[in-house]
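Please look through the model below before reading on.

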Amino acid sequence: MINIKHLHKTFDRTQVLNDVSFTVKRGSIYGLLGSNGAGKTTLLRMLAGIIKQNSGEVQIEDQPVFENIEVKSRQIFLPDAPFFFAHYTTKQMAGYYEDLYPNWSQERYHRLKDLFQLDENKKISNFSKGMQRQVSFWLALSAMPDLLILDEPFDGLDAVVRRKVKNLIIQDVADRSMTVMISSHNLREVEDICDHIGILHKGSILIEKELDDLKSDIHKVQVAFRGGKDLDASQLDVVYQEKRGSVRLYIIRGDEKIVEEEINSQGPLLYDRLPLTLEEIFIYEMGGAGYAIENIIV
Ligand SMILES: Nc1ncnc2c1ncn2[C@@H]1O[C@H](COP(=O)(O)OP(=O)(O)OP(=O)(O)O)[C@@H](O)[C@H]1O
């Protein structure tokens, strides 16, 4: 569905994206993570065909995106600050979307009205920030896009609406193979909804994997040995370790079985595998890339 090849972008001679390549399959929910200023919004804006790359390719279904009205009419980009025409009501914006997007569904628009419970005849500018965000989802999902591009999408939404919106997105992915690209700093939300993760750091892709593979490649374990002895980690790829009394906590990269066999061969008194969140994986991977992390472990 999405094919990004050797993408480069500079602003005022500063390199913002440097040889970024990856693909996203149709029906996938892809989480784009990265530190502040990593280039996520720039990448999403290029995917939406708003700005042009200096070199490389951004293709949707084998078609270039920039200035391609046909491709752009089948995708929607929700930027971090929603845009509406001044003084427009939701109903008026819906009329505009209907003209623009060939798959617009009036029936869905009416169904979502009941779900969001917002007055379609009220000026959007008079709505709160979270209500405006709801309007942008209401319109975007009524346009039935093949690709939904979301920049910090859940900002300002309360927990109930967040759940509703996530369910709607998942439903569209399941029912009609909509593809979703999400950039967010809220890693719990990303973990909840995404099946694929890409981490962008200083304009380059640091890691790109299925979420399940990402999780099965890195492990958090606690071990303790008789007499306070330490684990001999010479055969293991330890990315972090910490002492908690007589127990040591390790974050180890590698095949789960090999890690387990190596630790067990040293006869620990205690060996436990602890669950690792996406937030922790992000912190360790960014730490490995030289991003200062100190002791921010949970
Ligand atoms: N139009 C522009 N002109 C000049 N520099 C820009 C422009 N847009 C972005 N940049 C620069 O590109 C870099 C990447 O910005 P971008 O907004 O893509 O990062 P981001 O990963 O989305 O960051 P954040 O997580 O903080 O939102 C930053 O250094 C930013 O200052």
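A residue counts as near a molecule or strand if its C-beta atom, placed from the backbone, lies within 6 Å of it. This is a predicted model, in which local features need pLDDT of at least 70 and side-chain atom pairs count only at pLDDT 80 or more, while totals for chains, interfaces and linings use all residues. Residues are numbered from 1 along each chain as its sequence is written.

Q: Which helix gives the largest share of the shell around the ligand?
A: The ligand is surrounded by F11, D12, V16, G34, N36, G37, A38, G39, K40, T41 and T42. Helices (H or I, at least four residues) and strands (E, at least two) are DSSP runs numbered from the N terminus. The largest share of this shell, three residues, comes from residues 40-47, that is, helix α1.

Q: Is strand β9 largely enclosed or open?
A: A residue is buried if 20 or more other C-beta atoms, placed from the backbone, lie within 10 Å of its own, exposed if 12 or fewer, and partly exposed in between. In β9 (residues 196-201), five of the six residues are buried, so the rest of the structure leaves this strand largely enclosed.

Q: How many other C-beta atoms lie within 10 Å of V180?
A: V180 has its place in strand β8 (residues 179-183). Leaving aside neighbours within four places in sequence, V180 is in contact (C-beta atoms, placed from the backbone, within 7 Å) with I29, Y30, L148, L150, I169 and V173. V180 is buried, because the number of other C-beta atoms within 10 Å is 23.

Q: Which element gives the most to the side of domain 1 that touches domain 2?
A: The chain is divided into domain 1 (2-212) and domain 2 (217-288), with bounds from an automatic or database domain assignment. Although their C-alpha centres lie 37 Å apart, 10 residues of domain 1 are in contact with six residues of domain 2. The elements giving two or more residues to that side of domain 1 are α7 (187-193), β9 and β10. With four residues, the element that gives the most is α7.

Notes: Two residues are in contact if their C-beta atoms, placed from the backbone, lie within 7 Å.
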